[in-house]
Amino acid sequence: MATAMAAGKVITLDEVVRLLGARVLCGKDLAVRLSEVGAADLMSDVLALSKPGMLLLTGLVSVQVIRTAIVSDLCGVVFVRGKMPGKDILELARESNVPVLSTAMTMFQAAGVLYGALSGR
Amino acid sequence: MASEAFENAFAVLGRDFANAGRVSTAIKDTLKGLGIHAPIVRRVAIASYEAEMNLVMYASRGKMRLTVSSEAITIDVDDEGPGIEDVSLAMQEGYSTATPEMREMGFGAGMGLPNIRKNADEFVITSEVGRGTRLHIRVNLLA
């Protein structure tokens, strides 16, 4: 898993929405603050390497993405390349208060933009 | 938190991917409700979820039992499945017998058992080929 960590920089989910031109698929509280982003399609890597409060960028669309976010205490999930999760995935995310975004950007682009924002470049 | 032991058992069905993880999120909610420290809850939830995914991916059915005492949280998993031929090999990072279907869900990278060991203070795995696998996962509440 690739992770982007910043030296003290913090952004909100609201800013992530703006930076990635993302659609908010669910999530009421976008004032949530984050300082770490990880990009992975392998949930095993997220379970092994993520930190609590991390934002996950992923190209994997599966209910297991939300389950992984719940057990790992992630602050939200961004599906890349315009991928749209099914109803079952969004229902679970809503029930569990996991914010879900979708961006047209590729994983590489989205990670680059957020790395820039977190490292102040 | 109450000092007496708390126990809860859950049934898990093999191949039921839609519900895989439901037991572990319920365990997480229970532990949060008992007021257990968030980093400990997270370690238990991750270990439990890895174990639950293994059960759903490989076994036909099984049970997960959560026990909370004043000293520790334990998860005991007991499945009816193919068992593991070489447990020490299965414990190696990267070793996996996963199918493409399991990999498509973001699992089966050979990271599950090592990650359970990483999150647990005590981890015992026993397996009998053709019968099933048992896991004993303990996370201490006291340092």
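This is a predicted model: local features need pLDDT of at least 70, side-chain atom pairs count only at pLDDT 80 or more; totals for chains, interfaces and linings use all residues.
Local features need pLDDT of at least 70, side-chain atom pairs count only at pLDDT 80 or more, and totals for chains, interfaces and linings use all residues. Residues are numbered from 1 along each chain as its sequence is written, chains are lettered from A and ligands numbered from 1 in the order written, and side-chain values use heavy atoms, without hydrogens and water.

Chain B and chain A bury about 1800 Å² between them. The structure holds eight salt bridges over all chains.

**Strands of chain A**

- Helices (H or I, at least four residues) and strands (E, at least two) are DSSP runs, numbered from the N terminus.
- Strand β6(A) spans residues 55-58. A:L55 and A:L57 point one way from β6(A), while A:L56 and A:T58 point the other way. All four are buried, a class that means under 20% relative accessible area, with exposed over 50% and partly exposed in between (1.4 Å probe, protein chains only).
- In a regular strand the side chains alternate between the two faces of the sheet.
- Strand β5(A), residues 36-39, pairs with β6(A) in the parallel sense over three bridges. Two strands pair if DSSP finds at least two bridges between them. A:V37 stands opposite A:L55.
- From β5(A) the chain passes through helix α2(A), residues 43-49, to β6(A) in a right-handed β-α-β crossover. Right-handed means that, with the strands pointing away from the viewer, the path from the first strand over the helix to the second runs clockwise.
- On to β7(A), residues 76-79: four bridges join this strand to β6(A), and the two run parallel. A:T58 stands opposite A:F79 in β7(A).
- Helix α3(A), residues 63-71, carries the chain from β6(A) to β7(A), and this β-α-β crossover is right-handed.

**Contact between chain A and chain B**

- Chain B gives 25 residues to the contact and chain A gives 20. Contact means heavy atoms within 4.5 Å.
- Of the area buried between the chains, 54% is on carbon and sulfur atoms. Buried area is the accessible area (1.4 Å probe) that two parts lose on being put together, summed over both.
- One salt bridge is counted between the chains. A:D73 and B:K28 form a salt bridge, with their closest N and O atoms 2.3 Å apart. The term requires a side-chain nitrogen of Lys or Arg within 4 Å of a carboxyl oxygen of Asp or Glu.
- Eleven residue pairs are in polar contact between the chains, both residues at pLDDT 80 or more. A polar contact is a pair of N or O atoms within 3.5 Å; within protein, one must be able to donate a hydrogen and the other to accept it, and residues adjacent in sequence count only if both atoms are side-chain atoms.
- On the chain B side, α1 (22-33), α2 (38-58) and α5 (112-119) each give two or more residues. Helix α2(B) gives the most, with seven.

- A:A110 lies in helix α5(A), residues 107-119. A:A110 counts as buried because its relative accessibility is 0%.
- Leaving out residues up to four places away in sequence, A:A110 touches A:L20, A:L57, A:V80 and A:M105. A:A110 and A:A39 are 71 residues apart in sequence but 9.1 Å apart in space, C-alpha to C-alpha.
- B:S24 sits in helix α1(B) and is buried at 0% relative accessible area.
- The side chains of B:S24 and B:S48 make a polar contact of 2.8 Å. A polar side-chain atom of B:S24 lies 3.2 Å from the backbone nitrogen of B:Y49.
- Beyond four places in sequence, the contacts of B:S24 include A:V71 from the other chain, as well as B:A45, B:E52 and B:M64.

**Salt bridges within chain B**

- B:D121 pairs with B:R43, the closest N and O atoms being 3.2 Å apart. B:D121 lies in the loop between α5 and β4 (122-128) and B:R43 in helix α2(B), so the pair ties together parts 78 residues apart in sequence.
- B:D121 is partly exposed at 43%, and B:R43 is partly exposed at 25%.
- B:D76 and B:R65 meet at 3.7 Å, N to O. B:D76 is in strand β3(B), residues 72-80, and B:R65 is in strand β2(B), residues 61-68.
- B:D76 is buried at 19%, whereas B:R65 is partly exposed at 37%. A network of salt bridges links B:E7, B:R65 and B:D76.
- B:E128 and B:R131 meet at 3.8 Å, N to O. B:E128 is partly exposed at 45%, and B:R131 is exposed at 58%.
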